[in-house]
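Hi there,

Here is the structure I promised to pass on to you. Please open it next to this email, and then read on for what turned up in it.

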Amino acid sequence: MADVKIVPPTQVVEREARIDLGDRVLLLQAWRASHTDNDLTVLDETTGTLFAGDLVFLRHLPVLDGSLKGWLAVIDELAAIPAGRVVPGHGPVAGWPAALEDERTYLQRLAQHVRGLIKRGETIGAASQSVAESERTRWELFDESNARNATAAYSELEWE
Amino acid sequence: MGIGLLRGTEYCAVEPSATQEPTMFGHALRCLRPAGSQWTWLCVAGLAVALQFATTRLSFAATPEPEDTWAPLANDIFEGRPLADGTGLVSIEMPARAEDAAIVPVTMRVTLPQGDSRQLKALTLVIDDNPVPVAATFAFGDNAGVSVISTRVRVNSYTDVHVVAELSDSKLYFAKTYVKASGGCSAPAAKNADETIANLGQTKFRVFGKPSGAQREAQIMIRHPNNSGLQRDQVSLLYIPANFVDELRVWQGHALLFSMKAGISISEDPNFRFTYVPNGATTFKVEARDTEGKAFRSEWPASASEM
């Protein structure tokens, strides 16, 4: 471990940047607040491989730490990236853009359900107890993050 | 009233060896939590908060055992006045385990029995083991008819949370609950920092329940990062200076419904949902002020966004 050096980042990616590795160019893209407010993807254009980080969750329930509306919008933009496969932040390497579908479905249900509760005057506590139940069996670690996602979604969407 | 009452012994740590000799300074820096470099940093932030509240007294007495937290704390906050068990009169609801320690919903209720002519005068919310335990004190106007008030708070560690109700005969009644949560006071600010700054001071008002009802429910929301002073900038890793809404007043027409004085524990985007008795006024008005002195005012028709 004595040989391990931490190399701090030196380059800020406002929107896009390219790193030329010689026989390979990497496209770096920064995204608006979605999973978090500092998500970055890397596309290897040569092999069509997208390193999506936590903008893409497979099997593991997506965790919302940024903006639900932002994430749903970013998913549409991600889908247009010309990649053949994705290395997601969680889950196995998968085909692109089909890998986005489970995540999109969950986040859409979360948004729809929470908007309904807000409209009916239900509380943030009620949201954390009931939201997106139909998604439970489709994900791992559902109980670890679903109620927290509901809390985050509620406190975002109540301002609409 | 100990709004700024600071538990100087709670939030910071030094290496254990430094606490062996309980000098005055050693006492001040003793900690109930495991020592570690991150806590030393928290200590710096804690001292920054301490300076914010330098006008109020600091208690550097020996560190109490966790179960002893409440008695001395209550004694300091309520200046030795007796607190009666409020079972059946006062209640507090929080989730047993917080989903997000930075946004923990809390609901306080006061139910006076039939024939009891007293009114609710004030509610004090105390998160016993938070760096600044008094989260907020709500003072109610005459005939405001507020019997339930909900907000959202930061919870820094597993802790008892007390609500103390003062009735119009000046008697104090408490209720308590226990919450499992950690890190709420230092959790990164703003899930969406750009939006928080862009919308600072924006307000929203909603009314629930039937217009004909004797009691209605309303909600007031204010966009504000409510920085606790314990959160770090995620890029520079420097502490973000404390800046939070410390005063709020809500009127129904010309009648004060309630005023609030708050510390660092109210969550980002302060949010208050409360019952009240309509007095026929056609407007609601809110005035808020943050610790940087910025003032926020809004007025709405009493029927705004009626549910």
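Before we start with the strands, one term: two strands pair if DSSP finds at least two bridges between them. Please also keep in mind that this is a predicted model.

**The sheet in chain A**

With that term in hand, look at strand S2 (residues 25-30) and strand S3 (residues 40-44) of chain A: they run antiparallel and are joined by five bridges. Within this pair, A:Leu27 sits opposite A:Leu43 of S3(A). Strands of a sheet pair through backbone hydrogen bonds, and they can be parallel or antiparallel. Chain A has six strands in an open sheet with mixed pairing, in the order S1-S2-S3-S4-S5-S6. The edges are strand S1 (16-20) and strand S6 (94-95) of chain A; each has a single partner strand, so one side of each is left without a neighbour in the sheet.

**A helix in chain A**

Next, find helix H4 (residues 142-157) of chain A. Its 16 residues, at 1.5 Å a residue, should span 22 Å, and this agrees with the 21 Å between its end C-alpha atoms. The expected span is 1.5 Å times one less than the number of residues. Buried residues of H4(A) include A:Ala147, A:Ala150 and A:Tyr154. The buried residues of this helix pack against helix H1 (68-79), H2 and helix H3 (124-130) of chain A.

**Some backbone details**

Most residues other than glycine have a negative phi, and most peptide bonds are trans. Here are three places to check against that:

- A:Trp96 and A:Pro97 are joined by a cis peptide bond, with omega about 5°. A:Pro97 belongs to the loop between S6 and helix H2 (101-119) of chain A.
- B:Asn143 is not a glycine, yet its phi is positive, about 60°. B:Asn143 is in the loop between strand S7 (134-140) and S8 of chain B, and it counts as exposed because it has 11 C-beta neighbours inside 10 Å.
- B:Leu237 also has a positive phi, near 60°. You will find B:Leu237 in the loop between strand S12 (216-222) and strand S13 (245-252) of chain B; with 8 C-beta neighbours inside 10 Å, B:Leu237 counts as exposed.

**Where the chains meet**

How many residues of chain B are in contact with chain A? There are 15, and they touch 16 residues of chain A. On the chain B side, strand S8 (148-153), helix H4 (193-198) and strand S11 (203-208) each give two or more residues. By class, that side has seven charged, six nonpolar and two polar residues.

Enjoy exploring!

Definitions and conventions. Residues are numbered from 1 along each chain as its sequence is written. Chains are lettered from A and ligands numbered from 1 in the order in which they are written. This is a predicted model: local features need pLDDT of at least 70, side-chain atom pairs count only at pLDDT 80 or more; totals for chains, interfaces and linings use all residues. Two residues are in contact if their C-beta atoms, placed from the backbone, lie within 7 Å. Helices (H or I, at least four residues) and strands (E, at least two) are DSSP runs, numbered from the N terminus. Ala, Val, Leu, Ile, Met, Phe, Trp, Tyr, Cys and Pro count as nonpolar, Asp, Glu, Lys and Arg as charged, and the others, Gly among them, as polar. A residue is buried if 20 or more other C-beta atoms lie within 10 Å of its own, exposed if 12 or fewer, and partly exposed in between; C-beta atoms are placed from the backbone.
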